[in-house]
Amino acid sequence: YITMHKSIIALGVESSCDETSIGIIKAAFKDDVLFTEKLGLVTENQEKLHKDFGGVVPEIAARAHSEKIDTCFYRVLKESGIKIDDIDIICVTNGPGLIGGLISGINFAKGLAFTTGKPIIGVNHLVGHALTPHMTDDLRYPYLLLLASGGHCQYLAVLKANEIKRLGTTIDDAPGECFDKIATFLGIGYPGGPLVELKSKNGDENRFPFPKPLTDNTCNMSFSGLKTAVKRETEKLIDNQGGLYHGDVEDICASFQKTTSEIFKYKTMNAIKFFNNNFKGDKNLAIVGGVAANKKIRHELQEVAFQNDFGFLTVPAQYC
């Protein structure tokens with residue numbers, strides 16, 4: 001549909017996990033480059049609802065989506081100055097994600113499409129992540145992408161807007177999930193990503209030599225063993241000294257974050273080698289997803305990119 005028009009105004013509905021988000025963009029292709037302009041974006045966060053549970057509770061998330069989605073829609077129309085009749089197409093996340101949340105968003109988008117007569121498209125939210133660098137950069141295809149979030153972790157070669165080749169994936173836990181679970185058993189709160197990063201600032205990242213699983217020559221990753229090792233070290237400290245000192249928590253967080261960064265550095269080198277051997281064009285590495293907001297991981301991967309003559313791109317936290 002987008003290729004049939006010089007530019008279109010698209011409404012996007014996202015409810016796959018614990019944020020209800022509706023955005024409006026103007027999009028156009030020119031010389032195989034996707035240009036986008038954000039017209040409006042409203043996001044309702046559910047952190048307070050899930051904080052006491054140390055993670056997202058699907059039933060609570062689904063109910064919150066249903067309660068907030070109308071409000072988000074009317075707010076984004078007001079923010080953007082766009083009327084319903086100005087929208088050319090309605091897009092909605094149709095997976096992967098938590099089924100209750102997805103149903104809330106899909107039912108809303110279907111109802112809107114039915115009453116307005118606008119076309120509707122279901123979007124894989126991982127593809128959405130893969131294309132977010134176009135929100136801030138004039139990026140040509142192909143490019144190498146690391147998608148690292150609370151539920152997913154993949155290396156992707158983005159060949160076109162609708163042609164993406166997976167080079168590798170986590171075979172067990174996603175890194176964002178590990179951040180959350182480690183934060184929970186350290187007792188520092190939820191969500192884990194920003195809290196672990198905060199605690200890491202004053203910690204000794206060399207105190208605990210945590211293992212780096214699956215350091216082979218593929219682009220696949222594993223984080224489950226690392227998470228278990230961190231938990232065992234935490235339990236050992238508690239048994240030996242009757243609890244955790246503040247410095248222990250900081251050192252554990254710093255050591256875990258360092259190990260995670262080293263895994264990404266090693267695997268990114270593998271992905272860059274594969275990309276260089278199989279794809280021609282500009283050399284760019286982009287990182288997206290919630291874990292891309294981690295400053296240490298972002299800095300380490302930027303160094304890897306520059307050492308291999310790759311451009312480095314990421315996106316603001318609101319698009320992660």
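Author: Two strands pair if DSSP finds at least two bridges between them. Strands themselves are DSSP runs of E with at least two residues, and helices are runs of H or I with at least four, both numbered from the N terminus. The structure discussed here is a predicted model, in which local features need pLDDT of at least 70 and side-chain atom pairs count only at pLDDT 80 or more, while totals for chains, interfaces and linings use all residues. Residues are numbered from 1 along each chain as its sequence is written, and side-chain values use heavy atoms, with hydrogens and water left out.

Reader: How do you know that β9 and β10 pair?

Author: The two strands run parallel and are joined by 4 bridges. The definition asks for at least two, so β9 and β10 qualify as a pair. Within this pairing, isoleucine 287 has threonine 314 of β10 as its bridge partner.

Reader: What else joins β9?

Author: Strand β6 runs parallel to β9, again with 4 bridges. Here leucine 145 is bridged to alanine 286 in β9.

Reader: What makes β9 largely enclosed by the rest of the structure?

Author: A residue is buried under 20% relative accessible area, exposed over 50%, and partly exposed in between, using a 1.4 Å probe and protein chains only. In β9, 5 of the 5 residues are buried, and therefore the strand is described as largely enclosed. Both of its faces are covered: Asn284, Ala286 and Val288 are buried on one side, and Leu285 and Ile287 are buried on the other.

Reader: Why is glycine 289 counted as buried?

Author: Its relative accessibility is 0%, which is under 20%, so glycine 289 is buried. This residue sits in the loop between β9 (284–288) and α9. A contact requires heavy atoms within 4.5 Å. Setting aside neighbours within four places in sequence, glycine 289 has contacts with His129, Ala148, Ser149 and Cys320. The C-alpha atoms of glycine 289 and tyrosine 319 are 7.9 Å apart, although 30 residues separate the two along the chain.

Reader: Is threonine 234 buried or exposed?

Author: Threonine 234 has a relative accessible area of 2%; this is under 20%, so the residue is buried. Threonine 234 belongs to helix α7 (residues 224–241). Residues up to four places away in sequence aside, it touches Phe185, Leu186, Leu244 and Ile252.

Reader: What makes leucine 214 and aspartate 309 worth a remark?

Author: Most residues other than glycine have a negative phi, and most peptide bonds are trans. Leucine 214 is not a glycine, yet has a positive phi of about 60 degrees. Aspartate 309 likewise has a positive phi of about 60 degrees without being a glycine. Leucine 214 lies in the loop between α6 (192–200) and α7, and aspartate 309 in the loop between α9 (295–307) and β10 (311–314).

Reader: Why is leucine 214 called partly exposed?

Author: Its value is 31%, between 20% and 50%, so leucine 214 is partly exposed. Aspartate 309, at 67%, is over 50% and therefore exposed.
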